[in-house]
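Work through the exercises below with the structure in view, and try each task before reading its solution.

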Amino acid sequence: MATHRHYFHSGLAVASDLALPEWEDFAGGEGGDVRIILSDAAMPGCREADGTIIDGDTIRFAIDGTGVWEITGGHTIRIYPDAHAQEFELRLFTLGSAWGALGYQRELAMWHGSVVEKDGQAILFCGEAGLGKSTTAAAMLARGWALVSDDLSRIDAQSEGARVHPASARIKLWRNGIEAFDWEERIIQRDYFRDDKFHLSAPDHHGGADPLPLAAILVLAEGDRINIERLDGHRAMQAVLAGTVYRPEMLEALNGWVKQAHVAAQIVARTPVYTLRRPRDLSALGKLAQTLEDHLSE
């Protein structure tokens, strides 16, 4: 019989056959909402090139050479490992694509971005890949903020304001970012996809804590100088959807865009949205963090 590890993550009690060291700060409780199952049954016949497959209430996808994932009804993630798959590869796609798919099945807002908190203010950085969400979050961590999430977060729209569920005690940075912050000793492991990117332990984090109020959403953009501009109405909604949607092809396959847009509209209606333009110069990160703190304190 498989040994079940128990976690409480994103407001859900999870029992997993697969050990999840990335969630060690979320360990505890009894799994009743979600099961993560390592199956020894024959692997379903699908390939990575097939993309996202919808079969009734099940989402299926494959990663060639690693395995097949089936996510059913918002309550079960079943993994069919390839014979040569390594555990860290299985964890990567379980905590990324599969977890995001399960959230979509539950009609949750699963947003792609990095979130930090200080003095009760959680702020979310989002935007296109490569604009420096994690690097900007790290600049705030270096000034005493705490990590809430790096990559994928559940955001709840509530009448009193949006709330974000803590999701990570680790942050991913490129080598030059690690050197800029002098965080070499915080490296845990190299990233699966990129040789020059690493997973690091955050100096402070909210792993295992209750949801936090979301005070602001900052959509990153490149610029010659630091500039913060408030967005309203349609512009805010459009920027947030473009900057936060995780695995849009899954939403498309699920016909889930309308539901996600509805939740996003509720969140944006209760949370100020800004465009944050910044130069890519790492030496400007300290000034960026100070500018953000000054703006948020106004």
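**Exercise 1. Describe the accessibility of R230 and its salt bridge.**
At 45% relative accessibility, R230 is partly exposed, because that class lies between buried, under 20% relative accessible area, and exposed, over 50% (1.4 Å probe, protein chains only). R230 pairs with D232 in a salt bridge, with the closest N and O atoms 3.7 Å apart, where a salt bridge requires a side-chain nitrogen of Lys or Arg within 4 Å of a carboxyl oxygen of Asp or Glu.

The model is predicted, so local features need pLDDT of at least 70 and side-chain atom pairs count only at pLDDT 80 or more, while totals for chains, interfaces and linings use all residues. Residues are numbered from 1 along each chain as its sequence is written, and side-chain values use heavy atoms, leaving out hydrogens and water.

**Exercise 2. Compare the two partners of the salt bridge between R60 and D55.**
First, the closest N and O atoms of R60 and D55 are 3.7 Å apart. Next, R60 counts as buried at 15% relative accessibility, whereas D55 is partly exposed, with a relative accessible area of 45%. Finally, D55 and R60 are linked with E70 in a network of salt bridges.

**Exercise 3. Find the partner of E222 and state how accessible that partner is.**
The salt bridge of E222 is with R280, and their closest N and O atoms lie 3.8 Å apart. This pair links distant parts of the chain, 58 residues apart. R280 counts as partly exposed, at 45% relative accessibility. A search of the whole structure finds 15 salt bridges.

Technical notes: Helices (H or I, at least four residues) and strands (E, at least two) are DSSP runs, numbered from the N terminus.
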